[in-house]
Amino acid sequence: MTTDKCTNVTEKCADTKENCDNMVDISISKDVLVIGAGSFGLEAAGKIAAQGYSVSVIGVKTACARQSGCTSKMLETGKVNIMQDVAIDSLAGVTGDFRATLIKNAGNGAEYSEKVEKVFGAIVVAPQYSYSTLNKKYGLTLNDKVVSQSQFEAMIADPESQKKILNGVNGNGSTVAFLTGFAQEGDPTSTSRVLTSALAVQNMENCNAYIYAGNVKVGAKGLERLFTQGRHAGVVCFKPSQMPTIEQNLNDGVNTVKITIKDPVVRTDVELTPDYVVVEEAVVVGQQNLDIASTLRIDTDLYGFLPSNNVHRFPAKSNRDGIFVVNNSLDAANAALKLKELIGNGIKRVAANKAKVDEDRCVICLTCYRSCPHGAIFWQNGAAAISPAACQGCGICASECPMDAIQLGDFTDDSLRTSIKDAVVSAKDNQKDGQPLIVAFCCKNSALEACEAATKFGHEMPQGFRMVKVPCAGKVDVEFIMKAFVEGADGVMVAACHEGNCKAERGNIYAKWRVNEIQKRLEKMGLEKNRLIFTTIASNMAKEFAGKVNAFAAAIK
Amino acid sequence: MIVAERKPFDEIRNMVSNYKKVLTVGCGTCVAVCLAGGSKEVETLNAELNLAFKKDGIEFGAETLERQCDMEFLAELDNKVDQYDCLLSMACGAGIQFLAERFPNKPVLPAVNTSFIGVNLDVGWYEEKCRACGQCVLAMTGGVCPVTMCAKSLFNGPCGGTNKTSCEIHTDQPCAWFKIYERLSGQGRLAQIMTVSPPNDWSNQKPRKVIQPGYEERIKAMHS
């Protein structure tokens, strides 16, 4: 069986009969698209080109891109093509075979714009976020003495402004105060910017840097060293428990800021009237990045940043196979590494039957295409098609398909129906009088392991309890839950991964939605609502799992 | 299915006469099944238009989508519409409007009249069966729709105008309630005809939305 449906299947593999039945070779385009020509975008492009792939970079090259230092070297390789006035207009296809429509002269108000379609094996997004100054949260008005972190960075990069700082008011240096981590949660990038600027100030003759830090995030490579370097150079750091008292005086031509904190050890006020105050900035996602995310159909995190967080995923990977997101140098290296694994020499061997569409049943309603959290589904020749390379086998599509036209290789509907029936039959044989018969659908990424561990550790659970293994809670069909009741279960439990922890992004949420809906219907069928529960669990929670089962058993006794 | 009929040729000709490049867009679902707006009808219409506008040099392009009532399929035209100055849709009214929403800068013109929701009686022959009233009463009317078939859309009938199996409006028009009477008595449940059905809430005839049970939370989560 091979997936002839997939456009990029080239040849059947020459493996043993059995393996050949399940594996398929797929050709992967060796061209890579990088969206965003900032420093990290170019850094990624350089690393990818060094592996021998051709890279097209689109987006406006930023000033900081020069700092990445790989621009000229990259251009010499002839493998990197930077197209400044090009943007992505739409994207079709799947990993190994993305078909991107690029638009030239985009967004410049130019009347003439040209569209071209190009095929790429993989895509790297290097979002370029902008900043907004948080001076208002500190009650400060920006002026020549009170500046944002970005403004200050520009000042120390500019020889004229640098001279001003160096001279100070009386020609003997300046005092610069940095305010960070009081107006927002903070992140390693902003910590790094403050530490870098403070060190630069401290290294100027007669200049002193003071950092007032609230919530600082230091979990990034080199930050600890940067901090120590600053301390050794003489940077003074305060970490008060609350925002300092800040008084800005702008009356009668005066332009001063007084910062006061209470020293908890010596119990006195520590006052400072710096020559410059540098205010932290918040990173703003911006519509452009959100548009890119929606064009590429990749998820964003809670704050709109790309990509979404998923502990199961390798850093720099997005929810779609073959699309990477690069937010720093480390990401750039990781993306290049994973990209090589993906593209290799242009042929990739993948399991063919993770999920298959029955073309005769499919009515291309697009439900699977819209539900797939991995963007692995497309359509061609009047039927949906699932890319064996992009499919992660979660089964959300199969459960959502209104025609039952999708079957997972390892978890067909028939095999699951059999498992449910077997579970109930075997539970009946062992069930003790008065104890309920419980069927629990357990996600193999969490609840399955918790359940197996509970059994191994000898945590007591009712005799009439049986588990049905599913690839993801998202594969628990409404029909399966109903079947468990019809076969004779007294209670049904759907055990998924914790919210935000689903390997398939939202399989657990789909399961929860379905359970909520069936609960509403149960009462109309004459069953108590509490006979069906949804719960979340982690794989290391064996005792808790047993506890949940016992509590459920007690509730429906 | 939704049944449509192609508009008279003169009407279409007048609509497109002011444009230089026209893209005729067919729909591969209902209107294709009822022989009004599928791939074949697109080609036929374009041939007629080409002949009619031979001297004027209007160019006609052809595309037939899987459905015009799904944005994903309309997106297949994204890279094509730029070269046209008008779109001529052969889909039902829903498809035409969705096409116009997808390409708000292009004039979108209808090439068909959407007739009704109906059934296929033979090749090319269709009959209206449903008015999408939103309150189905077929259980009590023996599977015959009084909203569609009765001239007065009566939920409780027949009225005084029933006339020896036909309706008072015309002898060719059967009386819906006579049909209902026959069906119910044939099934031995004629007594049911005496049950008074409450009137339909006709104030529901505003643009309606349906969210299937179980999908409310999904839609809230995905579109917030």
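**Figure 1. Pairing of strands β6 and β7 in chain A of the predicted model.** Strand β6 (residues 86–94) of chain A runs antiparallel to strand β7 (residues 97–104) of chain A, and eight bridges join the two. Within this pairing, A:Ala87 lies opposite A:Ile103 of β7(A). The two strands form a hairpin with two residues between them. In the turn, A:Gly96 has a positive phi of about 90 degrees.

**Figure 2. Pairing of strands β7 and β8 in chain A.** Strand β8 (residues 114–120) of chain A is antiparallel to β7(A), with seven bridges between them. A:Leu102 has A:Val116 in β8(A) as its bridge partner.

**Figure 3. The open sheet β15-β16-β17 of chain A.** Three strands, paired antiparallel, make up this open sheet in the order β15-β16-β17. β15 (245–249) and β17 (268–272) of chain A are the edge strands; each has a single partner strand, so one side of each has no neighbour in the sheet. From one strand to the next the twist averages 20 degrees. Five bridges connect β15(A) with strand β16 (residues 256–263) of chain A, and A:Gln248 has A:Val257 in β16(A) as its bridge partner.

**Figure 4. Domains of chain B and its contact with chain A.** Chain B is divided into domain 1 (2–116) and domain 2 (135–224). The C-alpha centres of these two domains of chain B are 34 Å apart. Ten residues of chain B contact ten residues of chain A.

Technical notes: Residues numbered from 1 in each chain as written. Chains lettered and ligands numbered in written order. Predicted model: local features only at pLDDT ≥ 70, side-chain atom pairs only at ≥ 80, totals over all residues. Pairing = 2+ DSSP bridges. Helix = DSSP H or I, 4+ residues; strand = E, 2+ residues; numbered from the N terminus. Domains from an automatic or database assignment. Contact = placed C-beta atoms within 7 Å. Axes fitted to C-alpha atoms, helices over the stretch in contact; angles between N-to-C directions.
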